[in-house]
Amino acid sequence: MLRSGVATAGLLLAGMPAAAQSTKVRLGTATPGGGFPVYGAAFVEGVRRFEPALEIEAINTRGSTENVPMLEAGALDIALVQGEVVHAALQGVGRAPADLRVLTAMYPTAGLFVVRADSPYRTIADLKGKPVAWGAGGSGLVILGRYAMDGLGLDAAKDFQAIYLERAGDGPAMVLDGRAAALWGGGNGWPGFMTMARSKEGARFIAPDADEIRRILAKHPFLKPVTQTAGSFPGQDTAIPSVGSWSFVLARPGLDDAVAYRTVKALNSLQQAGNPSPQLVDTTAANTVAMVPGREKLHPGAAIFYREIGLLT
């Protein structure tokens with residue numbers, strides 16, 4: 001399918017027969033057991049429901065830090081990328097700015113530690129020097145943890161006994177059997193937190209306190225205050241303020257405008273139909289336009305649709 005001009009993409013889409021629109025798209029997620037593969041499965045199913053000719057294949061990767069270079073190399077068409085990695089890639093932090101574009105916002109992630117409910121640890125200071133599972137090596141959650149600790153004058157790799165996982169899903173077992181004091185993670189319905197919260201040992205969450213949040217945001221203003229809403233996990237009866245960012249679905253250079261348009265239109269149709277899966281509740285057109293790090297970072301095909309529904313002028 002040839003790349004269409006921004007002004008005429010909608011007309012071209014309307015005139016193409018369904019068979020001509022059959023397209024395969026490679027979606028990069030992350031390691032099994034983490035939140036990205038779960039989100040990716042919901043994303044694929046949600047798009048398929050309203051755009052069945054758009055065949056999206058979810059591919060496990062090492063996570064956000066691998067997804068960006070794979071997009072740049074054309075090995076993936078679209079990919080899930082944690083907010084801190086999006087910031088570094090698009091702004092050129094420690095590298096040349098990436099020529100990638102935003103399709104849609106995913107969800108906000110509040111960074112949290114989880115410990116066993118019977119653990120003596122109740123603050124971040126309590127965890128200093130203790131074994132902490134930060135997540136899979138390529139995960140954006142690891143980078144979020146690094147920034148959050150740096151904002152407190154701590155080094156995630158040196159001030160804790162840092163554990164980096166081959167598979168994100170290995171973390172809960174390490175906390176439950178005592179090999180790790182805590183697991184770092186984030187995101188509504190995040191599998192690691194769900195496993196801990198549903199275990200017979202139970203779970204307790206540790207987040208920065210109000211002063212720590214202020215210090216982190218002062219040093220790293222691209223991070224944002226994010227609150228984990230009450231009831232997100234079994235036994236979590238109160239909201240938990242923390243820091244974090246929005247994750248995004250990014251597109252490779254040259255992804256066809258029509259593919260981007262069809263994808264975001266299908267996601268919007270899913271929202272309009274009501275009762276999207278829990279993973280996709282925050283994946284809305286309004287959130288995308290509000291949270292994108294610069295309107296010029298939107299994919300042109302996605303921007304066409306957001307303009308059609310009145311979110312862009």
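This is a predicted model: local features need pLDDT of at least 70, side-chain atom pairs count only at pLDDT 80 or more; totals for chains, interfaces and linings use all residues.
A residue counts as buried under 20% relative accessible area, as exposed over 50%, and as partly exposed in between. Arg101, at 26% relative accessibility, is therefore partly exposed.

- Strands of a sheet pair through backbone hydrogen bonds, and they can do so in a parallel or an antiparallel way.

**Strand β5 and its two neighbours**

- On the β8 side, 3 bridges join β5 to residues 182-185, and the two strands run antiparallel.
- Within that pairing, Phe113 stands opposite Trp184 in β8.
- On the β9 side, 4 bridges connect β5 with residues 203-206, again in an antiparallel arrangement.
- Here Arg116 stands opposite Ala203 in β9.

**The parallel pair, β6 and β7**

- Strand β6 (residues 131-136) pairs with β7 in the parallel sense, over 5 bridges.
- One of the residue pairs to look up is Val132 with its bridge partner Ala162 in β7.

- Side chains of opposite charge can pair when their charged atoms come close.
- Glu45 and Arg48 give an example, as their side chains meet in a salt bridge with an N to O distance of 2.7 Å.
- Both residues lie in helix α2 (residues 35-50), 3 residues apart, which is about one turn of the helix.
- Glu45 has 44% relative accessibility and so counts as partly exposed.
- Arg48, at 40% relative accessibility, is likewise partly exposed.

**A salt bridge across the sequence**

- Asp77 forms a salt bridge with Arg252, and their closest N and O atoms are 2.7 Å apart.
- Because Asp77 lies in the loop between α3 (64-72) and β3 (78-81), and Arg252 in the loop between β11 (240-251) and α10 (257-273), the pair ties together parts that are 175 residues apart in sequence.
- Asp77 has a relative accessible area of 5%, so this residue is buried.
- Arg252, by contrast, has 22% relative accessibility and counts as partly exposed.
- The pair also belongs to a network of salt bridges that links Arg26, Asp77 and Arg252.

**Back to Arg101**

- The side chain of Arg101 meets that of Asp99 in a salt bridge, at 3.7 Å from N to O.
- Asp99 is partly exposed, with a relative accessible area of 47%.
- Arg101 is partly exposed too, because its 26% relative accessibility falls between the cut-offs of 20% and 50%.

Definitions and conventions
Residues are numbered from 1 along each chain as its sequence is written. Side-chain values use heavy atoms; hydrogens and water are left out. Two strands pair if DSSP finds at least two bridges between them. A salt bridge is a side-chain nitrogen of Lys or Arg within 4 Å of a carboxyl oxygen of Asp or Glu. Buried means under 20% relative accessible area, exposed over 50%, partly exposed in between (1.4 Å probe, protein chains only).
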